[in-house]
Amino acid sequence: MSVIDVCVVGLGYIGLPTSIVLATSGTQVHGVDVNESVVERLEAGEATFEEPGLQDALNAAFSAGNLTVSNQLVPAATYIIAVPTPIDAANSPDTTYIRAAALEIAKSIQAGALVILESTSPVGTTESLADIIYSFREDLVDGDLSFAHCPERVIPGRMLDEIRTNDRIVGGLTPEDAEKAAAIYQGFCSGAIHLTDAKTAELTKLAENSFRDVNIAFANELSMLAEDLGVDVWGVIDLANKHPRVNILQPGPGVGGHCIAVDPWFLVSSAPANTQLIRAARHVNDSKPQFVIDRIGREIKSGALESVAILGLAFKANVDDLRESPSVQIVQQLATDFPELKIRIVEPFVTSLPENLCRNTNLSLESLESILASEELVVLLVDHDQFRVISRRELATKRVIDTRGLWRELDV
Ligand code: SAJ
């Protein structure tokens with residue numbers, strides 16, 4: 001039976017760019033997704049999300065004849081699993097998609113193949129993945145297959161660059177498995193490849209995102225206490241960061257996305273007694289949207305306002321991703337708390353409001369120009385570049401709540 005070089009399972013925010021970079025580096029790649037509309041759009045040559053350079057790179061991958069996509073796995077020398085690992089209602093990791101991928105891979109995998117888990121996963125998942133595949137295939141014996149965890153580390157907005165240049169952690173179930181997986185990344189990644197065991201790689205990835213969450217929580221807590229004390233937090237952070245060993249991150253309206261707000265829970269869930277700081281950081285960051293809502297509410301009441309402008313819905317600057325966005329949460333809550341209030345939203349990265357906001361009749365998507373011409377209260381929730389260019393003169397007559405500190409440096 002002929003086998004393809006690499007079969008990528010999951011064509012989302014990580015699987016698609018990874019497939020494209022592999023394909024444009026000369027590897028024969030087959031990408032698989034269970035979502036029919038993702039497969040259809042890709043087959044039609046259309047990138048399924050907004051990311052700098054992604055459409056051009058997809059065109060190049062197809063032109064090179066190195067990329068095919070479908071909803072069916074094909075036998076491969078290497079499988080890369082890049083499926084979501086969400087948390088459930090109790091904040092416990094949900095590895096359903098990894099287990100489903102394992103069962104699909106088990107159907108056609110052949111001795112000698114390598115399985116790489118890129119999805120961020122609880123410690124021990126790579127081992128469980130191997131157990132599932134072996135238990136399904138009694139014809140294969142321990143050692144016939146190789147397994148490694150190679151966590152993705154790319155940041156939305158710079159994905160293609162970072163896939164090619166970030167250092168990679170490659171954790172094998174055995175040292176030989178790690179060597180084998182490293183060869184895949186050496187084919188397209190100019191960063192250093194660090195070999196380790198699978199559990200260390202799993203914990204390293206969770207440590208990276210938890211480190212960021214804890215540090216953002218510090219900035220968010222500082223912003224809340226500074227407001228209580230009537231001090232400008234951005235000035236404090238600028239000055240504190242002049243210290244050679246201090247580097248405080250940026251406060252915001254909360255922490256969103258499917259990584260930083262989720263992955264620390266994997267650690268809390270697997271070691272509840274020894275994750276007090278990580279758990280507290282999650283609670284601080286999760287409390288920030290309500291702090292912002294309360295602030296907006298006070299402003300609306302004090303001015304007896306009938307409308308408010310909200311700038312930004314995405315979970316962070318310059319991306320079209322609204323997943324787990326604190327801005328969406330803030331807008332939803334405001335719409336419920338103030339049913340008579342007109343909430344006029346500017347989000348340059350979308351052409352219509354997401355489904356979960358469409359139900360509210362007091363919400364509308366507007367242009368930046370119309371907001372600046374008419375609104376009295378402007379709330380900045382996302383520091384998109386489009387909002388950076390607004391001049392202080394345009395804001396001078398308005399009430400402004402700037403949750404990102406974007407406009408404090410504006411020229412008059
Ligand atoms: N945020 C702040 N203040 C900051 C930095 C971020 O409020 O100073 C907020 C953002 O607005 C956003 C959230 O935190 O709502 C997360 O944004 P992010 O830019 O910190 O991270 P992600 O989720 O886009 O990507 C992270 C990255 N991890 C680290 O930087 C350690 C990325 O490298 C990972 O690949 C990604 O998680 C992932 O998929 O795990």
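The model is predicted, so local features need pLDDT of at least 70 and side-chain atom pairs count only at pLDDT 80 or more, while totals for chains, interfaces and linings use all residues. Residues are numbered from 1 along each chain as its sequence is written, and side-chain values use heavy atoms, without hydrogens and water.

**Nonpolar cores**
- A nonpolar core is a set of buried (under 20% relative accessible area, 1.4 Å probe, protein chains only) Ala, Val, Leu, Ile, Met, Phe, Trp, Tyr and Cys residues joined through side-chain atoms within 4.5 Å.
- The largest nonpolar core has 40 residues, of which Ile20, Leu22, Ile116 and Tyr185 touch the most other members.
- Apart from this core lies another of 30 residues, including Ile310 and Leu357.
- Beyond its neighbours within four places in sequence, Tyr185 is in contact (heavy atoms within 4.5 Å) with Ile80, Ile116, Glu118, Cys150, Arg168, Val170 and Ile193.

**Helices α8 and α9**
- Helix α8 (residues 198–229) and helix α9 (residues 233–240) have axes that come within 9 Å and cross at roughly 125°.
- Leu222, Ser223 and Ala226 of α8 meet Val233, Val236 and Ile237 of α9 in this contact.

**Val350**
- Val350 sits in the loop between β10 (342–346) and α13 (355–358).
- With a relative accessible area of 18%, Val350 is buried.
- Not counting residues up to four places away in sequence, Val350 touches Leu322 and Leu365.
- Val350 and Arg153 are 197 residues apart in sequence and 26 Å apart in space, C-alpha to C-alpha.

Key. Axes are lines fitted to C-alpha atoms, for helices over the stretch in contact, and angles run from 0 to 180 degrees between N-to-C directions. Helices (H or I, at least four residues) and strands (E, at least two) are DSSP runs, numbered from the N terminus. Buried means under 20% relative accessible area, exposed over 50%, partly exposed in between (1.4 Å probe, protein chains only).
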